[in-house]
Amino acid sequence: ERGHGPYQPHEPGYGLDQPGYSPYEDEIPDPQARMLAIKNAKAYLLKTSTKSGLNLYDHFANILTKILDEQPTNTVDIIENISKDVKWAQFRKKMDTLRDEHLVPPTFEASEKYKALFVKEDGEEHEELEEEMGQPSLPNVMETAFYFEQAGIGLNKDESYYIFLALKNLINVQPIQTCRFWGKILGLEMNYIIAEVQLQEGEEEEEIGEEGEEIVEEGEKEMGEAEEDEQKEKEAEPPKSTYKPPPEIPKEANGTGTNKYVYFVCNEPGTPWVKLPPVTPAQIVCARKIKKFFTGRLNAPVVSFPPFPGNEANYLRAQIGRISAGTHVSPTGFYQFENEDEEDDEGADTYEENPEFEPSPVAEMVESLATWAHHVKGILKQGRCVWINPSQKSEENEEDEEEEEEEGEEQQEERGPPLLTLISEDEGMKDIPAWTAQTSTDLIPQYSVAILQSNRWPGAYAFSSGRKFENIYFGWGHKYSPESHTPALPPPAQAEFPSGPGITETVDPTVEEEMAFKAAQEEALVEDEEEEDEEEEDD
């Protein structure tokens with residue numbers, strides 16, 4: 001009977017799988033039988049596993065190769081671990097001949113952007129930054145971040161330092177007189193880092209001149225187009241509409257009111273700064289009626305109702321103006337009017353630091369909101385800080401348009417709160433006060449900082465410590481509303497034109513009516529001819 005092994009005792013390969021036994025001890029082995037046994041044994045070792053897809057022959061070869069390459073100590077004791085390591089290596093992802101393109105990690109891209117902040121124009125790195133911090137136009141962002149950090153407000157130190165360097169690069173490029181880190185507005189795709197600056201004298205006038213030239217060029221084009229339209233109208237004049245749109249409210253001049261400051265924005269420190277356009281009253285009025293998240297792209301359209309007059313850059317500028325007007329505060333008495341006569345003037349827009357200012361204790365600034373005051377003028381319902389009569393006309397048109405002037409006289413002038421008004425006079429929202437004041441710490445009160453938080457504009461904060469104070473904003477750029485935002489409804493559909501006999505379409509006559517009408521016409525013609533014949537006979 002055959003045994004259960006691969007070879008029978010009388011076969012040459014029987015001894016290969018039996019330890020300590022060899023059939024060739026007493027006789028010279030047959031070379032052909034020997035080679036056949038080796039081939040059979042190798043074929044057995046090359047059998048592939050149905051579970052792992054590996055074979056014992058390659059596994060042993062890899063183990064021996066690993067042992068001879070590494071030559072570990074006490075190999076016999078760790079042979080099992082070596083076998084596991086070899087198996088694990090078999091399942092590693094092998095690179096194909098078509099290799100994937102090397103992907104640059106996001107951290108490397110960010111570091112390349114930030115690297116430009118640390119290199120000067122001539123290629124030398126920043127070494128003595130502390131000396132440059134003494135420049136009046138460069139704000140000390142790190143000091144401001146330190147004070148806000150006491151209350152857990154602000155960005156991490158790395159990002160604050162990157163913004164610090166980005167503001168320095170902005171000052172080196174633009175003719176800036178004063179600069180301040182306004183804050184950071186969050187977006188769905190990218191964020192906005194905002195710098196509030198005042199340009200040097202003369203720069204704003206040049207910009208106005210450039211805008212004026214563009215307006216003149218546009219006016220010339222419009223005049224040419226108007227002449228062409230007149231020629232076309234002479235050929236066929238359609239009915240003209242009698243509707244007159246309301247007069248457009250002009251924007252405030254640069255350096256005054258809502259356009260007192262110029263704002264530059266960028267998405268990340270190291271990216272180019274972009275100057276925002278001046279804001280118009282129409283944009284502010286419309287921004288109050290809508291609520292849109294920012295995307296991070298300045299040229300993105302603002303799809304809303306009522307339609308917003310501009311793109312996201314204009315909407316961002318309008319929100320910045322609204323937030324600044326409602327949340328920029330300072331300790332009471334830190335600023336004073338330049339002239340005593342301006343104290344009673346509600347339109348006063350200029351102030352200066354009070355050299356005799358004595359800071360209030362931190363505990364008092366937290367307990368009483370009367371120790372804080374607005375140093376930015378509020379925005380009226382008209383969308384301006386200073387009211388203007390939109391119906392005012394030039395002296396030449398006064399005689400021709402008396403009726404419009406009478407209507408303009410009936411409009412009441414808007415008056416907002418004067419400059420440096422105490423924040424204790426701000427109205428709350430139902431049961432929520434407009435402001436919340438607290439100290440940075442209760443454990444060490446002698447070194448605490450007064451922190452003021454706006455509840456009307458979540459994300460707006462202010463701190464005060466001695467003669468130092470600062471305002472900052474971190475948020476989505478939305479105003480808090482105790483009720484859910486409800487967009488304005490579109491106007492009702494226009495009514496149909498009143499029907500009457502003059503515009504009502506007549507009913508088509510029947511065939512019988514047409515035949516009767518023709519017969520009546522023929523009879524009338526016959527009678528006319530007979531009358532004419534009679535008249536000729538009489539003559």
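These legends go with a set of close-up views of a predicted model. Residues are numbered from 1 along each chain as its sequence is written, and side-chain values use heavy atoms, leaving out hydrogens and water. Since this is a prediction, local features need pLDDT of at least 70 and side-chain atom pairs count only at pLDDT 80 or more, while totals for chains, interfaces and linings use all residues.

A pocket here is an open set of points on a 1 Å grid over the protein atoms alone, with protein on both sides within 12 Å along at least five of seven lines, and lining residues have an atom within 4 Å of a point. Volumes are the space filled by probe spheres set on the points, with grid points joined across faces, edges and corners. The lining runs to 27 residues, and Gly326, Gly378, Ile379, Pro417 and Arg456 lie nearest the centre. Helix H10 (residues 312-327) supplies the largest share, three residues. Helices (H or I, at least four residues) and strands (E, at least two) are DSSP runs, numbered from the N terminus. Sorted by class, the lining has eleven nonpolar, six polar and ten charged residues. For that sorting, Ala, Val, Leu, Ile, Met, Phe, Trp, Tyr, Cys and Pro are nonpolar, Asp, Glu, Lys and Arg are charged, and the others, Gly among them, are polar.

**View B. The largest cavity.**
Two cavities of 30 Å³ or more turn up in a search of the whole structure; a cavity is a set of grid points where a 1.4 Å probe fits but cannot get out. The largest cavity has about 190 Å³ of space. Of its 18 lining residues, Gly257, Thr258, Lys260, Tyr261 and Val376 are the closest to the centre. H10 gives the most to this lining, with three residues. Eight of the lining residues are nonpolar, six polar and four charged.

**View C. The second largest cavity.**
About 90 Å³ of space sits in this one. The residues lining the second largest cavity include Val141, Phe148, Ile163, Phe181 and Phe474. H6, H7 and S12 are the elements that give two or more residues to it, and H6 gives the most, with four. Which classes make up the lining of the second largest cavity? There are nine nonpolar and three polar residues, and no charged ones.

**View D. Salt bridges between separate parts of the chain.**
The count comes to nine salt bridges, taking a salt bridge as a side-chain nitrogen of Lys or Arg within 4 Å of a carboxyl oxygen of Asp or Glu. Glu268 pairs with Lys113, with the closest N and O atoms 3.6 Å apart. In another pair, Lys468 and Glu143 come to 2.4 Å, closest N to O. That one links Lys468 in strand S12 (residues 468-475) to Glu143 in helix H6 (residues 141-149), 325 residues apart.

**View E. Lys184 with Glu159, buried or exposed?**
The two side chains meet in a salt bridge at 2.8 Å, N to O. Lys184 is in strand S1 (residues 176-185) and Glu159 in helix H7 (residues 157-173), 25 residues apart. Lys184 counts as buried at 12% relative accessibility, and Glu159 counts as buried at 18%. Buried means under 20% relative accessible area, exposed over 50%, and partly exposed in between (1.4 Å probe, protein chains only).

Most residues other than glycine have a negative phi, and most peptide bonds are trans. Phe305 and Pro306 are joined by a cis peptide bond, with omega about 0 degrees, and Pro306 is in the loop between H9 and H10. Gln71, not a glycine, has a positive phi of about 50 degrees. You'll find Gln71 in the loop between helix H2 (56-70) and helix H3 (79-90), where it is exposed, with a relative accessible area of 62%. Leu420 isn't a glycine either, yet has a positive phi of about 65 degrees; look for Leu420 in the loop between helix H13 (402-410) and strand S9 (435-439).
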